[in-house]
Amino acid sequence: MNEEATSLIELLDQLVPPQEPPPISMAPQTAGWAVLAAAILLGVAVALWRWFKHYRANAYRRAAIAAIEQANGDAAEIALVVRRCALAAFPRTDVAQLTGESWVLFLEATGKGVEFDAATAATLTEAPYRQESAASPAFVNTVKRWIKTHKADRATEARHPISEGTEARA
C-alpha cells in the first residue's frame, strides 16, 4: 500500500472552491404576476378616481360647514346656509317652494337620522324673518349633522354658491 503521508490541512488545501451560483432573479417568471400587478394598479387607480369624485362632489358640504362657522351664531345666516346647501344638493323645483313645516319635514326626510325638535324647527323657519336671532348650540349641531348626512340627489350637480364668494363645484 502506497500511503502518502499527508495531513488533513494539506488535503483541505487541495480542495477546489465551488463556483458561486448565479444570482436569483426577483422578476416574476410567469405572465400571471404581471397581470396581477396590472389588476392591482388598475384597482388602486379606480379607487383613487372614485375618492376624488366623491371629494369634489361634497365640496358644497365643506363650504356650508365653513359658512356656518363664519356666521358667528347668527341663526338667520345659518338658516340661509341650510337653504343654499339644500338647493345645491337637490333640484330647485323640489326645494325652493318649501316653507314652514314642509321645509322641516323635507330636511328630516333627506337627513340620515336627523330630527329637528320643536325649538330647532322654529329657529330654522322663523330666524330669516327676525331682526336679531341667536342660534343655540343644539340648533347649530343639528344643522351641521343634516349637512354632513343628507342624501344628495345624484342627478343634480352641486354648482350653487353656498356663501358669498365661495362656489362649490361637483
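Let's start at R145. At 37% relative accessibility, R145 counts as partly exposed. The scale is this: buried is under 20% relative accessible area, exposed is over 50%, and partly exposed is in between, with a 1.4 Å probe and protein chains only. R145 sits in helix α8, residues 137-149. Helices here are DSSP runs of H or I with at least four residues, strands are runs of E with at least two, and both are numbered from the N terminus.

What does R145 contact, leaving aside its neighbours within four places in sequence? G113 and V114. Contact means heavy atoms within 4.5 Å. I65 is 80 residues from R145 along the chain, and their C-alpha atoms are separated by 9.8 Å.

Now, what we are looking at. This is a predicted model, so local features need pLDDT of at least 70, side-chain atom pairs count only at pLDDT 80 or more, and totals for chains, interfaces and linings use all residues. Residues are numbered from 1 along each chain as its sequence is written, and side-chain values use heavy atoms, with hydrogens and water left out.

On confidence. pLDDT is the predictor's confidence in each residue, from 0 to 100. The protein chain has a mean of 83, and 86% of its residues reach 70 or more. Among the elements, helix α2, residues 31-57, has the highest mean, 94. Strand β2, residues 166-167, has the lowest, 44. Over residues 155-170 the pLDDT is below 50. That stretch still has 41 contacts in the model beyond near neighbours in sequence.

The overall layout. The protein chain has eight helices and two strands. Along the sequence, the pattern reads α-α-α-α-α-α-α-α-β-β. Of 170 residues, 31% count as buried. Take the contacts between residues at least 6 apart in sequence: 68% of them join residues at least 24 apart. The accessible surface comes to about 12100 Å², and 59% of that belongs to carbon and sulfur atoms. Those areas come from the Shrake-Rupley method with a 1.4 Å probe; for residues, only the protein chains shown count as cover.

Next, the second largest pocket. Its volume is about 230 Å³. A pocket is defined on a 1 Å grid over the protein atoms alone, as an open set of points with protein on both sides within 12 Å along at least five of seven lines; lining residues have an atom within 4 Å of a point. The volume is the space filled by probe spheres set on the points, which are joined across faces, edges and corners.

There are 13 lining residues, and the closest to the centre are A79, R83, L124, P128 and Y129. Which elements give two or more residues to this lining? They are α4 (75-89), α6 (100-110) and α7 (118-126). α4 gives the most, with five residues. By class, the lining has seven nonpolar, three polar and three charged residues. Ala, Val, Leu, Ile, Met, Phe, Trp, Tyr, Cys and Pro count as nonpolar; Asp, Glu, Lys and Arg as charged; the others, Gly among them, as polar.

Take A79, in helix α4. Buried or exposed? A79 is buried, at 6% relative accessible area. Not counting residues up to four places away in sequence, A79 touches L124 and P128. A79 and T123 are 44 residues apart in sequence, and 8.2 Å apart C-alpha to C-alpha.

Helix α7 also holds T120. T120 is buried, with a relative accessible area of 4%. Beyond residues up to four places away in sequence, T120 touches F139 and T142.

Last, a backbone point. Most residues other than glycine have a negative phi. N72 has a positive phi, near 55 degrees. N72 lies in the loop between α3 (59-70) and α4. N72 is exposed, with a relative accessible area of 70%.

Key
1 Å grid on protein atoms, 1.4 Å probe; cavity = no way out; pocket = protein on both sides within 12 Å on 5 of 7 lines; lining within 4 Å.
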